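Dear colleague,

I am handing over the structure we spoke about, with the sequence alongside. Please have it open while you read, as the notes below go through it topic by topic.

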Amino acid sequence: MDQFPLLSTLIFLPLIGAVVALFFPRGNELWLRVWALFVSVVVFLFSVPLWFSFDAAEVGFQFVEVLPWVPEVGIDYRVGVDGISLLLVLLTTFLMPIVILSTWNSIEQRVKEFVSVALLLETAMIGTFLALDLFLFFIFWELMLVPMYFLIGVWGGPRRIYAAVKFFLYTMAGSALMLVAMMALYFLTSVPTASGHTFNLLEILRIPVPSDLQVWLFAAFAIAFAIKVPMFPFHTWLPDAHVEAPTSGSVILAAVLLKMGTYGFLRFCLPLFPQAVVAAVPLIALLSVIGIVYGALVAAMQRDVKKLVAYSSVSHLGLVMLGIFALTPIALQGSLLQMVNHGISTGALFLLVGMLYERAHTRIIDDFGGVAKLMPVFAAFFLLVMFSSVGLPGTNGFVGEFLILLGTFEAAALNLQIYAVVAASGVILGAVYLLWTYQRVMQGPVREHVGTNGHGLRLTDINAREIAVLVPLAIIILWIGFYPKPFLDRTAASLNAVGQRVAAESGRPVLAGPR
């Protein structure tokens, strides 16, 4: 490789940091935290050149790195970035320092192990987004399970083991199906290697998959990704995982890991199985709008604010899935942007819930009241993030939701207008449960037991460290809300190419994308 291996640096620098952390002597918790923060900040700084050096007009993959790994069977170490993966990689590297900083006082036991697990998880997440070899993708995909399992199972709540095992088994079941489909694609290829086949995604994309086989392979990939999203009815593992995970685990799970599912549909399902995708549109659209409405209604019924935010993810990601399968350029761009928006706003909501729980030692909504009088700065951040999640104009959530609904209405060839109408009602329901939650928690008279949090200590407003955690998220919320053009420009070429591929192989017209 003549160029600096930037992508490999992003992938393996957290892994090196995790290994180094294991050699820290016990009792050095402060230095372990400093080390984890330092490594995650350095990784983010290394990712910044991707934003500035990325050629938005280029359709193909950039910064590509290739090394033979197991050439006898057509396995290479092949990584690259395009407009689909760029924003998700930057989202991951941007959030990890925030997550590490947020755990400064909340993680007190096994700090060394926590630091190593968190940095290992960052390696797996970045690798998943950048892998261009199916075998390499599967390795990173499965590697994510291990650190997330331990984050929930070791540092989680009272039912952490149940939640961790449920998360692991659900994802493993989907992964087994995906592996079988990958093997089928592998044997469809014909290349000059010892085995005659390859896992190279770029080569596989050149091979037309028979239409009858597309249905089965699409189903295998789709189930694996639908579990990860999670789509209705594969969502039942998510509330347990969110509620039992520590705040840091909930943020990573909501902000990044769930996006692996939606990313998988964009990266693999749409370009590899276009005919099956078009055939599946009515089913996916139906499940998506059910998830939108169901997630919003169940969220409104929750007494635990953390579980409320968890169910809101089912609703929000149902909207993302609807946009993906509308297959119009506008809807595709809206869906990808909304993945980032959801990671920012829902990640921030989990951080805010965690800050409140550290002080009040309860997450039950009815236990609160008048918190804004005791924590005005906290209440201001909560209000902004809530507006972002609702989709208020001027925030990032509005841009993504508007583009998805607009693009879905434009999908006349697929008759998705009624689905867009139902999806819009889900947006309204989201405003209902979030505003109602804010009213009950933040406004009204201060409840006596809230004012003293059960330990004789009055609730105090967020400190400088916690403000430093929230300010970057607030900036991104407003930046995308008022000026989304840089984000949309970097995704347009890659997403238009995906839409055109689906159109060419399915006979479906492609509508013009946003200008």
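**Salt bridges**

The count of salt bridges comes to ten. Please bear in mind throughout that this is a predicted model.

Aspartate 82 and arginine 267 form one of these salt bridges, with 2.6 Å between their closest N and O atoms. Because aspartate 82 sits in the loop between strand E2 (75–81) and H3 while arginine 267 belongs to helix H11 (residues 259–272), the pair ties together parts that are 185 residues apart in sequence. Aspartate 82 and arginine 267 are both buried.

Another salt bridge is formed by aspartate 304 and arginine 363, whose closest N and O atoms are 3.2 Å apart. Aspartate 304 is in the loop between helix H12 (274–300) and helix H13 (305–326), and arginine 363 is in the loop between H14 and helix H15 (371–374), so this pair ties together parts that are 59 residues apart in sequence. With a relative accessible area of 15%, aspartate 304 is buried, and arginine 363, at 18%, is buried as well.

Aspartate 366 forms a salt bridge with arginine 440, and here the closest N and O atoms are 4.0 Å apart. This pair links distant parts of the chain, since aspartate 366 lies in the loop between H14 and H15 and arginine 440 in helix H18 (residues 417–442), 74 residues apart. Aspartate 366 is partly exposed, with a relative accessible area of 38%, and arginine 440 also counts as partly exposed, at 22% relative accessibility.

The largest pocket has a volume of about 600 Å³. Its lining is made up of 24 residues, and those that lie nearest the centre of the pocket are Ser106, Trp155, Pro246, Thr247 and Tyr357. Helix H9 (237–244), helix H10 (247–257) and helix H14 (329–360) are the elements that give two or more residues to this lining, and H14 provides the largest share, four residues. Sorted by class, the lining of the largest pocket has eight nonpolar, ten polar and six charged residues.

The second largest pocket holds about 330 Å³ of space. It is lined by 14 residues, of which Phe44, Leu90, Phe94, Ile476 and Trp479 lie nearest its centre. The elements that contribute two or more residues to the lining of the second largest pocket are helix H2 (29–53), helix H3 (83–102), H14 and H20. As for the classes in this lining, there are 14 nonpolar residues, no polar and no charged.

**A nonpolar patch on the surface**

Val471, Ile475, Leu478, Trp479, Phe482 and Tyr483 form a nonpolar patch on the surface, and together they have about 600 Å² of accessible area. Among them, leucine 478 is found in helix H20 (residues 464–482), and it counts as partly exposed because its relative accessibility is 37%. Trp479, a member of this patch, is also one of the residues that lie nearest the centre of the second largest pocket.

**Backbone details**

Most residues other than glycine have a negative phi, and most peptide bonds are trans. Against that background, a few places deserve a look.

A cis peptide bond joins valine 229 and proline 230, with omega about -10 degrees, and proline 230 is located in the loop between helix H8 (211–228) and H9. Phenylalanine 232 and proline 233 are likewise joined by a cis peptide bond, with omega about 10 degrees, and proline 233 is also found in the loop between H8 and H9.

Arginine 110 has a positive phi, near 50 degrees, and its place is in the loop between H3 and helix H4 (111–130). At 54% relative accessibility, arginine 110 counts as exposed. Histidine 361 has a positive phi too, near 60 degrees, and it is found in the loop between H14 and H15. The relative accessibility of histidine 361 is 44%, so this residue counts as partly exposed.

With best wishes

Definitions and conventions:
Residues numbered from 1 in each chain as written. Predicted model: local features only at pLDDT ≥ 70, side-chain atom pairs only at ≥ 80, totals over all residues. Heavy atoms only, no water. Patch = residues over 30% accessible without salt bridge, like charges linked within 9 Å, V, L, I, M, F, W, Y side chains within 5 Å. Areas by Shrake-Rupley, 256 points an atom, 1.4 Å probe, with all protein chains shown as cover. Salt bridge = Lys/Arg side-chain N within 4 Å of Asp/Glu carboxyl O. Buried < 20%, exposed > 50% of the residue type's maximum accessible area, 1.4 Å probe, protein only. 1 Å grid on protein atoms, 1.4 Å probe; cavity = no way out; pocket = protein on both sides within 12 Å on 5 of 7 lines; lining within 4 Å. Points joined across faces, edges and corners; volume = space filled by probe spheres on them. Nonpolar A, V, L, I, M, F, W, Y, C, P; charged D, E, K, R; others polar.
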